[in-house]
Structure formats: structure tokens, C-alpha cells
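Please open the model in a viewer and keep the sequence panel at hand.

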Amino acid sequence: MKKHIIAMTLGAAVSSVALADINIVPLPNKVEEIANSTFKIDASTAIRFDSRLKSEAELLASAIEKATGNKPKLYDERLRIMLHSQIYLDLDESNKKKESYSMNVSGRGINIKGGDAAGAYYGSQSLIQLIPLEGDAIIPGCKISDAPRFGWRGMHLDVGRHMYDVKHIKKFIDQLAFHKLNTMHWHLTEDQGWRIEIKKY
């Protein structure tokens, strides 16, 4: 009996260590690990994208460059160019859930499908969170399916009484998007404190 309990404990520990590599905030609805499978983002990695997701592909390429030092080239899927190392940003026509996405990471590449453009963007943010802070950009093999529980997800920024420069506010917005928050409540006035120019007043 004792041996059986020890074996179960060790098994749980190994499972926890494996899943510890898949850290995404907020936690996706479903995460399935693919054992003995990884994908490495390097200088040869390119992004193939649905033509409707050009902006999202550009943002993803910029984020990958910031995280790894390598900026992937972009290829519209209509060009049908063979890529040996690719991240595919696509739309799932059958998925009607707003802001939802699925991501499949294997040794052959990474496939992100959004229910809409916002979902594709949030899927790319999950990918960025999986890139290690140090060392090679090796992504653990996994299948992820996610959709927001709440339609309104936001933060409040009060600049009526607290002064922030433009750089800080832009960084704040980037962090909202990174964590899949979709609403920013910006408090620009506070009694006598006005932080927006209105010629009438």
C-alpha cells in the first residue's frame, strides 16, 4: 500500500512539473499537454496568416522579436509558400464564440485559430506567455482551447488625481491586452481636476 501511495505521489509530481511549463494568465479553459513534443522559435520561423489578420500577425511578429531577438517574416496564406518552421494565424469559421481561440503546438509548428480577430490576437498573447524568459525559445507541445467567461473584462485608470505620462498609459494598455482584458475605464476628470483639453471650458 505504501509503495502504491509513493508511486501515485511521484506521478503527480512529474505531471505538475510538466504542466509548470504551460503558464498562461488567465488560465485557459482547457490545456492538454503533448508529451515529448516541443517547437523552437528561431531565426527561420515565419508567420503565415489569414489575410484578415494582417494587423494581428504584425503585432505577433513584433512581440516575438521583443521576446527572442528574432523577428519572423510574414506570409499571407494566399501565397502558398512552403515554410519549414511556421506559426499559422488563422480564423475558425465554425467557431462563433467571440474572443475565443484554440492553439496547437507540435514539432511541426504552431497553429492558432481565433473565433474572430480578437480571439486570434488573444491566442497570440498566450503564445508570447509561453516563451521562456531566458535561453532558447522552446514552446512545450500542447493543445489549448479558451474563451472568455465574461464579455466585459477591464481595469480602471484614474488620471484625475494621479498624473501619468503617455508612455505609462500606453504600457498600461499593452498589459491589459496581454492579459486578455478588453475594456479600459479612463477617469479623465475629478471635480476641479481636468486631464483632457476641452476648449469650451
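A contact here means heavy atoms within 4.5 Å, and a residue is called buried when its relative accessible area is under 20%. The model is predicted.

**The whole chain**

Of the 201 residues, 35% are buried. The protein exposes about 13200 Å², and carbon and sulfur atoms supply 55% of that area. Among contacts between residues at least 6 apart in sequence, 70% join residues at least 24 apart.

**Helix 2**

Next, select residues 54-68, which form helix 2. Its 15 residues reach 21 Å from the first C-alpha to the last, close to the 21 Å expected at 1.5 Å a residue. Which residues of helix 2 are buried? They are E56, A57, L60, A61 and I64. These residues lie on the same side of helix 2 because they cover an arc of only 140° around the axis. An α-helix has 3.6 residues a turn, so residues three or four places apart point the same way.

Now display the partners of this buried side. The buried residues of helix 2 pack against strand 1 (30-41), strand 2 (46-49), strand 3 (73-76), strand 4 (86-91) and helix 3 (117-130). Then step to G69, which follows helix 2 and has a positive phi, near 90°.

**Salt bridges**

The count of salt bridges comes to 6. Select R78 and D76, one of these pairs, whose closest N and O atoms are 2.8 Å apart. R78 is exposed, at 62% relative accessible area, whereas D76 counts as buried at 15%.

Move on to R153 and E99, whose side chains meet in a salt bridge at 3.0 Å, N to O. This pair links distant parts of the chain, 54 residues apart: R153 is in the loop between strand 7 (137-146) and strand 8 (154-158), and E99 is in the loop between strand 4 and strand 5 (101-106). R153 is buried, with a relative accessible area of 13%, and E99 is buried as well, at 16%.

Salt bridges that share partners also join D50, R52 and E93 into one network. Within it, the closest N and O atoms of D50 and R52 are 2.9 Å apart. D50 counts as buried, at 4% relative accessibility.

**A nonpolar surface patch**

Finally, select W194, I196, I198 and Y201, which form a nonpolar patch on the surface with about 450 Å² of accessible area together. W194 is found in strand 11 (residues 193-194) and is partly exposed, with a relative accessible area of 42%.

Methods: Residues are numbered from 1 along each chain as its sequence is written. This is a predicted model: local features need pLDDT of at least 70, side-chain atom pairs count only at pLDDT 80 or more; totals for chains, interfaces and linings use all residues. Side-chain values use heavy atoms; hydrogens and water are left out. Helices (H or I, at least four residues) and strands (E, at least two) are DSSP runs, numbered from the N terminus. The expected span of a helix is 1.5 Å times one less than its number of residues. Buried means under 20% relative accessible area, exposed over 50%, partly exposed in between (1.4 Å probe, protein chains only). The arc is that of the directions from the helix axis to the C-beta atoms. Patches are made of residues with over 30% relative accessible area and no salt bridge: like charges are joined within 9 Å, nonpolar side chains (Val, Leu, Ile, Met, Phe, Trp, Tyr) within 5 Å. Accessible areas come from the Shrake-Rupley method with a 1.4 Å probe; for residues, only the protein chains shown count as cover. A salt bridge is a side-chain nitrogen of Lys or Arg within 4 Å of a carboxyl oxygen of Asp or Glu.
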